[in-house]
Amino acid sequence: MRVHNFNAGPAALPLPVLERVQVELPDLHHTGMSVMEWSHRSKQFENVNQGAEDGLKRLLGLNDDWTVLFLQGGASLQFSMVPMNVLQNGAKADYLVHGAWGRKAIAEAKKEGAARIAASSESANWKRVPLASEFDLDSAAKYVHFTSNETIEGVQWPTEPETNGVPLVCDASSDILSRPINVEKYGLIYGGAQKNIGPSGVTVVAIRRDWIEPLPQIPTMLAYATHAKEHSLYNTPPTFGIYMIGLVCEWIESLGGVAGMQARNTAKANALYAQIDSSGFYTGFADKENRSQMNITFRLPSEELGAQFATEATKAGFIGLKGHRSVGGLRASLYNAVELESVEALTAFMREFERTHG
Ligand SMILES: *Cc1c(COP(=O)(O)O)cnc(C)c1O
């Protein structure tokens, strides 16, 4: 039996994709092997690799000025790889920081180059994104880095920040493919796959080709040029994860692409926020204008009631609702694969919990 999965990451995957994998696993495309048993140098795997890249490019709206890399090390390694590769010859970068992942990104970037915080929402306790009036942007910066959705706090940029033409670099780990983006504004988009696009173990980096330079002085494995030249096949890639990404892309396209995902995601988030807002019992963490459609963070009147809520919810088949230890409270992650029925079941559980404990 499937549970209502609100895990923050690794997270819910689309059931039709899991069922397809189950069928295809022992004998993929009449090879008599699973994808995990194929050589990554085989023609068959090349097709899978290409299919996953094409799917992501179609969904993200990337033309051939872009390439997509499948790497390892998670979004966390990209905190270092981005500045290591892009901040050459004294180039500078601005970081907009509104939560825990953005703080990690800037901390690593400072080790690699001239990166600084151009705005932060620390004074607002990370409950919103920085306001345009708080931006201190350097027009000579090579890029402006932002975290499109802060997974732990549940605070999301409503649209891209305005940078007066300086290209954006985005950690999109927890909302990639959840809504359309304005691709012209970006130079690089990265994310771990395990929230919205596949299993853990594969990291997606979409990068403008003109940002890729040969950098013989940095470790070979950490240079984008290495992986771009070899089509992510310089060394053994996470083949199963790449195969899954291709299937998830097909599933998203069958539901109307990222616009279809956005409609589903808005309906789910609205249903949960409406439940929170209609009660004096539950309180949302984020400021309303910047609430996340992916990670809905809320509290109960006390931490004890919150803990009791999480325990009883688990017993009732609602998984992963305990908030991150740094923020406390509860968090429901409503990534692309989470169905509206799960959210409706959760809101019914919340009403009943409030009735019996409120
Ligand atoms: C989960 C997450 C990360 C960390 O990803 P790893 O793949 O575990 O390194 C980074 N940024 C954001 C926004 C995340 O949600």
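Q: What makes Leu168, Cys170, Val169 and Asp171 of β8 count as buried, and which way do they point?
A: Buried means under 20% relative accessible area. In this predicted model, Leu168 and Cys170 point one way from β8, and Val169 and Asp171 the other way. All of them are buried, so each falls under that cut-off. In a regular strand, side chains alternate between the two faces of the sheet.

Q: Why do β5 and β8 count as paired?
A: Pairing needs at least two bridges. Four bridges join β5 to β8, so the two strands pair. They run parallel. Within this pair, Val144 stands opposite Leu168.

Q: How do you know that β8 and β9 pair, and in which sense?
A: Four bridges link β8 and β9, against a requirement of at least two. The strands therefore count as a pair, in the parallel sense. The bridge partner of Leu168 in β9 is Tyr186.

Q: What makes β9 and β10 a pair, and how do they run?
A: Five bridges join β9 (residues 186–192) to β10 (residues 203–208). At least two are needed, so β9 and β10 pair. They run antiparallel. Ile189 has Ala206 of β10 as its bridge partner.

Q: Why is the pairing of the open sheet called mixed?
A: The sheet has seven strands, in the order β2-β10-β9-β8-β5-β3-β4. Strands β5 and β8 run parallel, whereas β9 and β10 run antiparallel.

Q: What makes β2 and β4 edge strands?
A: Each pairs on one side only. The residues are 66–71 for β2 and 114–120 for β4. From one strand to the next, the twist averages 20°.

Q: How do you know that helix α3 packs on the sheet?
A: Contact means heavy atoms within 4.5 Å. Helix α3 (residues 74–86) touches β2, β3, β5, β8, β9 and β10. Its direction makes about 155° with that of β9.

Q: And what does helix α4 touch on the sheet?
A: Helix α4 (residues 100–112) touches β3, β4, β5, β8 and β9. The direction of α4 makes about 160° with that of β3.

Q: What lines the second largest cavity?
A: The lining includes Ala12, Leu13, Pro14, Lys195, Trp251 and Asn336. The volume of this cavity is about 40 Å³. Its lining residues comprise seven nonpolar, three polar and one charged. Lys counts as charged, so Lys195 is the charged one.

Q: Why does Leu13 count as buried?
A: Its relative accessibility is 17%. The cut-off is under 20%, so Leu13 qualifies. Leu13 sits in the loop between β1 (4–5) and α1 (15–24).

Q: What does Leu13 touch, not counting residues up to four places away in sequence?
A: Leu13 touches Arg2, Leu18, Gly198, Pro199, Met244, Val248 and Ala337. The C-alpha atoms of Leu13 and Asn336 are separated by 8.2 Å, though the two residues are 323 apart along the chain.

Note on methods: Residues are numbered from 1 along each chain as its sequence is written. This is a predicted model: local features need pLDDT of at least 70, side-chain atom pairs count only at pLDDT 80 or more; totals for chains, interfaces and linings use all residues. Side-chain values use heavy atoms; hydrogens and water are left out. Axes are lines fitted to C-alpha atoms, for helices over the stretch in contact, and angles run from 0 to 180 degrees between N-to-C directions. On a 1 Å grid over the protein atoms alone, a cavity is a set of points where a 1.4 Å probe fits but cannot get out, and a pocket is an open set with protein on both sides within 12 Å along at least five of seven lines; lining residues have an atom within 4 Å of a point. Grid points are joined across faces, edges and corners, and a volume is the space filled by probe spheres set on the points. Buried means under 20% relative accessible area, exposed over 50%, partly exposed in between (1.4 Å probe, protein chains only).
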